[in-house]
Amino acid sequence: MMPVWMNKQLLKMKKEDLDKLLSSLKANEIQSIVKNVSLSNLLALARMVNVANKIRLTQNLSETSVLFLLNHLDRKDDLAIINEFSEEKRNYCLNKIDPKIVSEIKELKAKHLKMHPKDIAFKLEDLRPEEREEFFALFTAEELAEFFGYLESSEVSGYMEALSDKKASDVLENMDADDAADVINELEEKDKSLYLKLMSKERKEELEALANYAEDEAASIMDPSFIAVDGDKDVKDAMKILVKRAPDVASISTLFVVVGNKFYGVLDFRKLIVTKSPCLVKTITDVHVKTVDVHDRIEKVIEITDDYDIYALPVLDKEKIVGVITIDDVLARMNTEREEDYNQLAGISGTTDMQTTAKERIKNRLPWLVILCFLDLLVCIVIAMFDNVIEARIALVLFAPAILALSGNVGTQSLAICIRGISANELNTKSKKAKHIVKEARNGFLIGMIMALIAFSLTFLYLRFVLKDASTNDFKIAFIVAFSVLASVTCSSLFGCVTPIVFDNLHIDPAAASGPFITTINDVISIVIYFSLAMLVL
Amino acid sequence: MKASENLKLLIAKGNYAKIKDLIGKMHPYDATILLKELDAGEIPVFMQALNDDMLANIFSYLDEEEAKIFLEKANPSLIAKIIVKMEADDAADLVKKFSPEERKKIASLIDEDAKKDIKELSQYDESMTGAIMSNNFLTIGIADTVGDAMKKLVREASDREVIDTLFVVDGESRLKGTVDLKKLIIARKNENISDICDYNYVYAGDTDAISSSVNKLKEYNLLVLPILKDKVLKGIVTIDDVIDVVDRETSDDYDKLAGLAGKNDSAIKTVLKSRIPWLVILLILSFFVSSLLGAYQEIIGKVIPLVFFQSLILDMGGNSGTQSLASSVVGLAKNELDKKSNIRHHLGKEALAGLINGVILGILAFLLTFVFMWIKKDDPLHKVALISTVIAISMAFGIFCADFIGSVIPIILHKCKLDPAVASGPFITTLNDILSVVIYYSLASLILSYGGVPL
């Protein structure tokens, strides 16, 4: 316990030192200070310190002290203090203080809420940490939750430390459950358990349940709050439930009908409002609806939403509905999924945006490049094995890059087509896979034929008219190049489509067979074909 | 029995009622899958069995070209009936696919209102937001009470696409704000719409680029975006349309990175059309690399080990170039590279990443190639060290240049109003090949002759 004289000393301290001291104190120590100073000294203290400390000083004050402070501090500080309170306590305080001050507070608030919430949210990253603390103090946890809904979970988790623990947990309480679960995932263990402890029991259970699902499972992006109605009830009851539950759910245009604990179908709001009572909900429910299982892959969710234009997709666990996936979440997820596929084809892990630092960019790419470097060394070793052939016919070297580039690109093409086919669920049976491989082999051969013809003419013309080296047999070399093109293009085409299928069968993400990877493997094959053929013919 | 076989059987029997029943229970998208499996002779029966509403619904899930194929044989009055029932934006796209004479015939069978709607939408350029907007939205008056609005909602809701957001307009159809359906339901009957209206709404102009409207809808987490022309509400873009757009665009970018043009399936005709053109261009470009190599024939003949590692240098340049290309293309697609400062920032980071990757891989390449040649014991250690040095520097420099070129080219193309994704993987790779060959062999002749290796 701090002696009384200490409290008096506080007022004589420099602002920075005072802030530092208060920040280092525990909650009960702050309590003892507050208890031991007079109201006027408390006011003086509150005026001096920064926002975070203002909030700490005022959280457990008696009603009269709070009202006294609110009446005497400036409006910005008033907002900071009441925004920490529950809605009930906030309204109570606003009713008790000077009405003139209340209108000034409202004015200040309105000034800051003039922009669209998304625009406010996007501005946050430009603020310095201290500024952010002051800015957040202007808004309630509900309002902050709305802003944060527009941001990436990694950004939001970074902003949490600018809030008091209680307010941070309130924000998580008010965000969409799936978004909140993502944010919690990004937090440090210590903060995570602290915030979970401070929030309501229902929310805590909800978030813990969501955290159990893997990132690529449907349930990880579902919203656990939706309107469920009993199919055996009358439409009038359904309407009542709808009105009662409306504030808690994202959308009311779809209701989910349950009969005896089992999911039954969906009821369109448009149908509900035109149906006159008496009428059982069951009779106007659409039962032919698409659903997904909690463990289904996100890719499936994206595909169903895209194909069937479903705004709210029910997520079932066994036969029970446990959540709903809304189309806007699907769109957001579709963007990241597609970007990841795209990046993987280019040999980059994860996603990149403007915030990604050079260090992270290197981290996403260097591992791939190192693996590829080793794979390429394999190509070097193979070439080196043919050093006798090369020494005898330097001209052969000239065309190696062309053959390699061509087979690499054919491989990437058939890889891309195959990965697309797998992710669109078009290659889901054995016979379809076999058919696809046969077709790709045929296509590879066909493309190889055409390319071989072109390559033959180009090589021949080049050797005869540009290089004009009498010692090389231009006809023979052109033949070797052409035949190698045919063989390596056919092989690459086949390899490009077989690899992702094999990966898929082994339950490895087929997109892991990235373009550069396939290209390098194809390089090895092509080089062996080219130089062996040369050795044979020359 | 599979649904398609069942349907074929019913068509053969001419059992219209059962066909209608079967399709009626299905989602229209599933119906399109069945429709695609039918033979030409079965399609007329299928169409006759269903009513106009069902057909219009099914056709809105097909793309215009597919829809046109199915409608080709139908008589103009049926086509007209379907078109009237379709969403105006889908109808406008479909009508564009018909020849002028057919269009005239169809137009004569459509009532004036629908014709006006379709005409209005078909005047928009394909890249404008107006071309994908729907005019099927629900408006309420700013002077109405909640009770009035509810009545209107009950009357009109069943015909409207998306009702989560209602649009509040004044007497001249100018958009004043929006009301959440949720808010309307909770509000008391005698409250004024003007009191519960959200005036802070997001909108797009009818001639705005589709990509900018798509981004708006995504960033603001909207289900529906109002489209205005001179403040007057002309239409809406819904999130399902946006998903289709995103789906198409991301697939296009993916294909371009892989060097594929246009549609993809395994049919010979499309293979020839989508894959061969790129490959021919690429092959010709590769021969530039070949002729470039021809210029260095002498040094190659004297220092054979250089050849072993040529593909290593070329490949690594190509690989890292493709990586940075992808990161620029994605950045452009996400509208993150629209400000000068952002571009400078992005290029700075890419250059730094390229430099560091280059140095690390250069060192790795030095070690690997040195050990490799040392084991092979063809050359004296002094020469091996020199060759490894050439490789290391070429690798570092090549990767740095490739990274920079890969990230700059899409941005330049974008500035020139060209599709940045055109600078596909293969294209960048070949460009980098040329650069790498020049760096590699020039450095080789410089360093090796300096190091006293006879050339």
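B:R344 sits in helix α19 of chain B; helices here are DSSP runs of H or I with at least four residues, strands are runs of E with at least two, and both are numbered from the N terminus. The model is a predicted one, in which local features need pLDDT of at least 70, side-chain atom pairs count only at pLDDT 80 or more, and totals for chains, interfaces and linings use all residues. Residues are numbered from 1 along each chain as its sequence is written, chains are lettered from A and ligands numbered from 1 in the order in which they are written, and side-chain values use heavy atoms, with hydrogens and water left out.

B:R344 counts as exposed because its relative accessibility is 60%. The cut-offs are under 20% relative accessible area for buried, over 50% for exposed and partly exposed in between, with a 1.4 Å probe and protein chains only. Along the chain, B:R344 and B:Y16 are 328 residues apart, and 65 Å separates their C-alpha atoms.

**The two chains**

Chain B contains 21 helices and six strands, while chain A contains 27 helices and six strands.

Taken along the principal axes, the C-alpha atoms of chain A fill a box of roughly 105 × 70 × 40 Å. For chain B, the C-alpha trace spans about 95 × 60 × 40 Å along its principal axes. In chain A, 53% of the 538 residues count as buried; in chain B, buried residues are 52% of the 455.

One buried residue of chain A is A:I227, at 1% relative accessibility. A:I227 belongs to the loop between α17 (201-211) and β1 (228-230) of chain A. Between A:I227 and A:E337 there are 110 residues in sequence and 29 Å in space, C-alpha to C-alpha.

**Salt bridges**

Side chains of opposite charge can pair when their charged atoms come close. Over all chains, the structure holds 38 salt bridges, each defined as a side-chain nitrogen of Lys or Arg within 4 Å of a carboxyl oxygen of Asp or Glu.

A:R338 and B:D247 form one of them, with their closest N and O atoms 2.9 Å apart. This pair joins two chains, because A:R338 lies in helix α21 (residues 327-346) of chain A and B:D247 in helix α15 (residues 239-257) of chain B. B:D247 is partly exposed, at 21% relative accessibility.

Another salt bridge links the side chains of A:D387 and B:K376, at 2.7 Å from N to O. It also crosses between chains, running from A:D387 in helix α23 (residues 387-392) of chain A to B:K376 in helix α19 (residues 340-376) of chain B. A:D387 counts as buried, since its relative accessibility is 14%. B:K376 has 27% and counts as partly exposed.

Within chain A, the side chains of A:D119 and A:K118 meet in a salt bridge of 3.4 Å, N to O. A:D119 is partly exposed at 23% relative accessibility, whereas A:K118 is buried, with a relative accessible area of 7%. A:R75, A:D78 and A:E104 are joined in a network of salt bridges.

**Charged surface patches**

Patches are made of residues with over 30% relative accessible area and no salt bridge, like charges being joined within 9 Å, and nonpolar side chains (Val, Leu, Ile, Met, Phe, Trp, Tyr) within 5 Å. Lys and Arg count as positive and Asp and Glu as negative, while His and the chain ends are not counted. A charge is placed at NZ of Lys, CZ of Arg, CG of Asp or CD of Glu. Accessible areas come from the Shrake-Rupley method with a 1.4 Å probe, and for residues only the protein chains shown count as cover.

A patch of positive charge on the surface brings together A:K432, A:K435, A:K439, A:R442 and B:K2. A:K432 is located in helix α25 (residues 430-467) of chain A and is partly exposed, with a relative accessible area of 39%.

A negative surface patch consists of A:D182, A:E186, A:E215, A:E340 and A:D509. A:D509 is found in the loop between α26 (474-505) and α27 (515-537) of chain A. Its relative accessibility is 39%, so A:D509 counts as partly exposed.
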